[in-house]
Amino acid sequence: MLQCVPEGAIGAEEARVVSYHAFPDNLSLELHNHATVRDSVFFFRISRERSNKEKEDGETLQLSQGSEQGLNPRRNDGKRKTRPTQPTLAYLYGYVFCRQRQDPSLPRGGDQKSVVVLAEIPRGNVLKHLACIAGQLYFDYGPEALEQMVREIATNWESPQCGKQLILPVSGFTITSTLPPASSLPPPFPEDVDRELELLLQSPGGSGGTAAAFNEANLHASFKGIMDHLWTIWELALLGEPLIVVAPSSYLCSEAVASLLSLISPLPYFGEIRPYFTIHDSYFHTVRDQVSKGCVPSGVFGITNLVVLKSLQPWPHVVSIGDDMSYQSSVDLQYFDSNNNMFGESVNIQKPGSRNSTGRGGILKSWIGRRRDATSLISTYQEKLWSSYQPCTKKSNSLINRVKNAKNASVANLMIRQHFGELTRRFLEPFAEFFKPSRSASTSGGSSCTSVRRFSENDFFETLETTRHSATLESRIKGKASLKELYKRFMRSTNFLPWLTRRQSEIELLENMKLGRSHTALDSIGKMSEVELIDLHIKLKRQLSADDAQVPDIERERIELALGIVHKALPGDLQESLRVAATQVLSPRRAIQRSRS
């Protein structure tokens, strides 16, 4: 690593690991034409151990310039092994802008350099754009541009607030985005988030909106070649099963992993996440040792180097995406300059070279190609799912046909996202009985204390027998026995208990706010401008007045509580104006003008 901005933000070992992840790890991205320049954008995640002294408030943001240089394990027989004790880990997410250049005048005939934006929270809808801007500025103006960018961010950017649209100026460009709610993020939970405020103001339905974590990924682009298998992949992600995603390039690989994680939104993913997993990662040796002992770690691992796949056999579930012969993709990143004019930057990933079974090693590759497991990709690359898993769901031919006939890729992506978002929400609905709060008198002082119903598997299945399921869920399940089996598998997965615990803690927090025991949300709302308060009041009023019987009672109670807090924070004249115009739709500025007229 040549430079880290700010200096010393990461240690020497972390810098070494970041450098290994900053470049493509496969031969398919080699440059074959002279005087060729290729740019690519992708992201990765690495572990970092933190002691109590190293814990910081908020997220870390660094710009690094590089130069060339498991939980809940499963045995191969399908039975669970005892979960080993592991040190508390934090993670670094790296968003990479990599430039590869072919130049005969250079000693090695070419070079490659990368600019990496590092953060502890995966806010990809902002950081991918920032990495692209940083990379272009570095290659145009040199290292000083990175230092200037960090100073601008520290000076001009407001504190991150989940669910709020942010307008972030940087080096003449503007990134406009909405940060994902913290409840949609994988662990650990960010320390800089006002949990009360976010809980109050989240959209109905939880964290499954377009701003949820990893929802910037394009589901259609990643999985259009294997749509028939998408419901099985949804189940594998839902259950936290060990899954390897193989792709011809680091961009396709990391995007496919992000797409897979967003497929189960609004359910967060609690297994190991490695969007771009290389053989140089120290965790690779840990995984390989676990696999050799018959203990496959839970998680999603994205790879481009088939040597990694061969070293991790046998692996229970492998999916390959992208056409190795002719796949071509581009990342269209749009910004606005200081004059508010749109600026588009297209980062092209050229079609990778093909792998064939002739030449050196051709006989061995042909023999491997006759095998039925995923190592056949070494000889013949194809989009496919390798798994012996027996799914409980069935595909929707209606959705597949509508996606094929969609007028453009954006519409197709939206169709897929809406379908699986609705499927996940309906699957989680029966657990709502265990999120209902109950109050009991306290033994000291007479005040009541709030708790939620303790989860019981027997009680759940008794309730399930009498529950009327939505048409969305029933149409995708093979039968009642399959539905019960899927719930049993889910309860034993890595995702269930952490999600249940997080959701119950949110309900308890909401009840404490109802009892007036906490005031951080009230303080935060009180700091908003009048325009922001009116805008928020109108939004909540619309959510509350929506005649949607499918919205749970707990959601309506949350909206009513938020509406009451916002109403109290308004000046008296604005409160009166909003009462008069309760049935009218007013813009924030119009409401203020009416109150002062």
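Visitor: Which residue lies over the face of Tyr 91, and at what distance from the ring centre?

Guide: Please note that this is a predicted model. Arg 45 lies over the face of Tyr 91, at 3.5 Å from the ring centre. Another such case is Lys 484, placed over the face of Phe 461 at 5.5 Å from the ring centre.

Visitor: How is a pair of aromatic rings described?

Guide: Two quantities are used, the distance of the centres and the angle of the planes. In this structure there are 28 aromatic pairs. One of them joins Trp 234 and Phe 427 edge-to-face, with 6.2 Å centre to centre and 85° between the planes. This pair connects distant parts of the chain, since Trp 234 belongs to helix α6 and Phe 427 to helix α12, 193 residues apart. Both Trp 234 and Phe 427 are buried.

Visitor: What is the geometry of the pair formed by Phe 431 and Trp 499?

Guide: Phe 431 and Trp 499 are also arranged edge-to-face, at 5.6 Å centre to centre and 80° between the planes. Distant parts of the chain are again linked: Phe 431 is in the loop between α12 and β16, Trp 499 is in helix α16, and 68 residues separate them.

Visitor: Why do Phe 431 and Trp 499 count as buried?

Guide: Buried means under 20% relative accessible area. Phe 431 counts as buried because its relative accessibility is 0%, and Trp 499 because its value is 8%. Ring pairs link Phe 431 and Trp 499 into a cluster whose members also include Trp 234, Phe 427, Phe 461 and Tyr 487.

Visitor: Is Leu 464 buried or exposed?

Guide: Leu 464, in helix α13, counts as buried because its relative accessibility is 8%. Not counting residues up to four places away in sequence, Leu 464 touches Pro 430, His 469 and Tyr 487.

Note on methods: Residues numbered from 1 in each chain as written. Predicted model: local features only at pLDDT ≥ 70, side-chain atom pairs only at ≥ 80, totals over all residues. Heavy atoms only, no water. Phe/Tyr/Trp six-rings, centres within 6.5 Å; stacked < 30°, edge-to-face > 60°. Helix = DSSP H or I, 4+ residues; strand = E, 2+ residues; numbered from the N terminus. Buried < 20%, exposed > 50% of the residue type's maximum accessible area, 1.4 Å probe, protein only. Lys NZ or Arg CZ within 6 Å of the ring centre and 35° of its normal. Contact = heavy atoms within 4.5 Å.
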